[in-house]
Structures are given as structure tokens and as C-alpha cells.
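Subject: Structure for you to look at

Hello,

Here is the structure I said I would pass on. Please open it before reading the notes below.

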Amino acid sequence: MPATALRRNRRPGKQNLSAAPDPEAPTTPTTKYKVTGIRVLRSEWSKFWTLRSTLITLGVAVFLLVLFGAIASYTYSPDAVATSGPPGPGSSNGDSSAVSLALTGVSFAQLAIGVLGVLLAAGEYSTGMIRSTLAAVPRRLPVLWSKAAVIGPIALVLTTLGALAAFQLGTPGLDGEKIALSLGDDGVLRSLAGAGLYLGLVAVFGVALGVLLRNSAGAIAALVGVLLILPGLASLLPDSWYDTLSPYFPSNAGSAVYALHQSSDALSPGAGLAVFAGWVALTLVGAAYRLVKTDV
């Protein structure tokens with residue numbers, strides 16, 4: 001072989017291209033992260049608090065709960081109640097109480113909390129972020145459970161504090177009235193905590209509707225229809241049917257959870273909780289089935 005060819009084969013560049021890798025050379029370690037329930041939960045926690053609507057909606061829900069409860073307590077008039085009936089939810093047998101007045105804002109707070117649950121779930125479908133989420137969590141179901149596990153306890157704690165604040169703020173306005181109560185009276189704390197529990201389940205209900213319908217506007221419309229419109233439409237049924245079915249409607253069963261006293265045509269607090277939790281669980285099952293069985 002000519003000497004010039006030998007010199008070309010000995011150039012440093014050629015030697016580096018043909019040289020075998022050194023087995024003793026240090027290698028860069030690669031870290032593999034396993035998808036676990038805790039990591040999915042942390043991811044959903046971060047996404048929840050980075051939503052611009054989170055603080056706004058939570059603040060609105062607590063504000064409405066406190067505002068309407070305080071207003072109802074300070075504007076209470078026994079004569080007006082005698083002619084027009086009870087002013088808010090949680091009353092029984094046509095009689096108002098300090099608790100029913102304090103929880104007047106539950107009807108408004110449930111919409112804000114439910115909408116937040118819808119946005120947490122359906123919002124990802126609107127932006128297309130759900131593709132990245134499900135690519136990171138191929139099993140899919142942990143995403144649904146984590147969203148529900150994040151928003152439920154947060155809504156429960158904040159709205160329970162809001163219900164307590166509404167009751168405490170309204171107490172001076174009822175000073176000297178027969179319906180006045182204190183936190184130490186029987187059933188008061190249970191009713192206020194029941195309102196928070198109900199609203200926490202409403203938040204999870206919103207998440208389930210968002211995943212099931214995958215459209216923010218449609219899920220919000222369904223939420224409003226089920227909680228507010230359905231009981232009114234049911235009044236068109238024959239009286240015998242309405243009396244039988246009415247206590248089992250979601251909002252009616254939910255209101256039994258935080259009622260101070262059980263009325264003759266309503267469920268007990270425990271039964272109301274079981275019924276409403278059943279509605280939420282049924283919706284979650286439908287959302288889980290669609291999440292697993294259908295494409296994004």
C-alpha cells in the first residue's frame with residue numbers, strides 16, 4: 001500500500017470514527033420515573049393551583065355563602081316568614097332557624113363550586129392539554145381520581161369555614177329572636193359541617209360531569225339542570241309520583257344533609273348523604289368508563 005494511503009488512515013479523525021467504545025469509560029446514568037398515584041396527585045395539585053379560575057371561583061363561592069347568610073340573618077322578620085315561608089334552605093316544616101338563614105347562600109355557592117370542578121376537568125379537553133396528561137398517565141383512571149381527590153377536600157374545608165363564618169356573622173342580627181341559636185346547640189355544628197360536605201361532593205360532581213361530557217358549556221348546563229331545574233320540572237309530575245321521587249333528587253337529597261331538623265317529606269341527613277353520594281359515584285363511574293373506553 002502506498003505511504004500516502006497509510007498516512008491518511010492514521011489521521012486522528014479516522015481513528016476516532018473507527019475506534020470501539022471503551023467499556024471502562026464512565027457512562028451518564030439515565031433516571032426513569034415510574035407513574036405512581038402520589039405523583040399523579042401532585043401533578044393535579046399543581047395544575048389546580050395554576051388555573052386562574054381557581055382562586056377566583058373559590059373566593060366567589062365562599063363570599064356568596066357568607067354574604068347571603070349574613071344578609072338573611074340581619075333582614076329576618078318573623079312576620080314576613082309567617083306570610084311567605086322560610087327564606088332559605090335547611091329549614092324544616094316551614095319553620096326558619098338561625099342555621100337555615102346562615103345557609104341561604106348554599107344554593108349560590110354550589111354553582112360556583114360545581115363550575116370550578118367542571119373547568120378543572122373539561123378545561124383540559126378545550127385546550128388540548130388532556131393529550132399530554134394521558135400520554136404521561138397511560139392508565140388514565142388515576143387522572144380522574146386525582147382530580148376528584150384534589151378538589152373535594154379543598155372545597156369541603158373552605159366552604160365549611162364559610163358556613164361557620166356566615167353563622168357567626170349572622171348571630172348578632174338574630175339577638176333576642178326565638179330562632180336564635182349558638183354553636184353549642186344540638187345539631188348546629190353538624191348542619192354547618194354538612195353544608196361543607198355537600199359542597200365538597202358538588203365539586204367532585206362537577207369534575208365527573210366535565211370528564212363525562214368533555215365540554216365546559218355542556219357540563220355546566222348539565223350541572224345547573226340537575227341541581228336547580230330538575231326539582232322544578234318534577235313538580236309537573238302527578239302528586240303521588242312527585243312526593244315519592246322528590247326526596248331522591250340530587251339537590252333535595254343534598255339539602256337534607258345540612259338541614260337542622262328532618263322534615264316529614266325529606267330524607268334524614270344520613271340517608272340524604274348516601275343518596276347524593278350515590279349520584280356522584282354513578283356519574284364518576286360513567287366518566288371513568290368513557291375515559292378508558294373512548295379516545296380523546
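A residue counts as buried when its relative accessible area is under 20%. The model is a predicted one, and Glu-44 in it has 2% relative accessibility, so Glu-44 is buried. Lys-147 is also at 2% and is therefore buried.

These two side chains form a salt bridge, with 2.9 Å from N to O. Glu-44 belongs to helix α3 and Lys-147 to helix α9, and 103 residues separate them.

Which other residue does Lys-147 pair with? Its side chain also meets that of Glu-124 in a salt bridge, at 2.4 Å from N to O. Glu-124 is in helix α7, 23 residues away from Lys-147. With 5% relative accessibility, Glu-124 is buried.

Glu-124 has a salt bridge to Lys-47 as well, at 3.0 Å. Lys-47 lies in helix α3 and Glu-124 in helix α7, so this pair ties together parts 77 residues apart in sequence. Through shared partners, Glu-44, Lys-47, Glu-124 and Lys-147 are joined into one network. The structure has 4 salt bridges by the rule used.

The second largest pocket has a volume of about 150 Å³. Its lining includes Glu-44, Lys-47, Glu-124 and Lys-147. Helix α7 gives the largest share of that lining, 5 residues. By type, the lining has 5 nonpolar, 2 polar and 4 charged residues.

Leu-158 is in helix α9 and is partly exposed, because its relative accessibility is 31%.

Regards

Technical notes: Residues numbered from 1 in each chain as written. Predicted model: local features only at pLDDT ≥ 70, side-chain atom pairs only at ≥ 80, totals over all residues. Heavy atoms only, no water. Helix = DSSP H or I, 4+ residues; strand = E, 2+ residues; numbered from the N terminus. Buried < 20%, exposed > 50% of the residue type's maximum accessible area, 1.4 Å probe, protein only. 1 Å grid on protein atoms, 1.4 Å probe; cavity = no way out; pocket = protein on both sides within 12 Å on 5 of 7 lines; lining within 4 Å. Points joined across faces, edges and corners; volume = space filled by probe spheres on them. Nonpolar A, V, L, I, M, F, W, Y, C, P; charged D, E, K, R; others polar.
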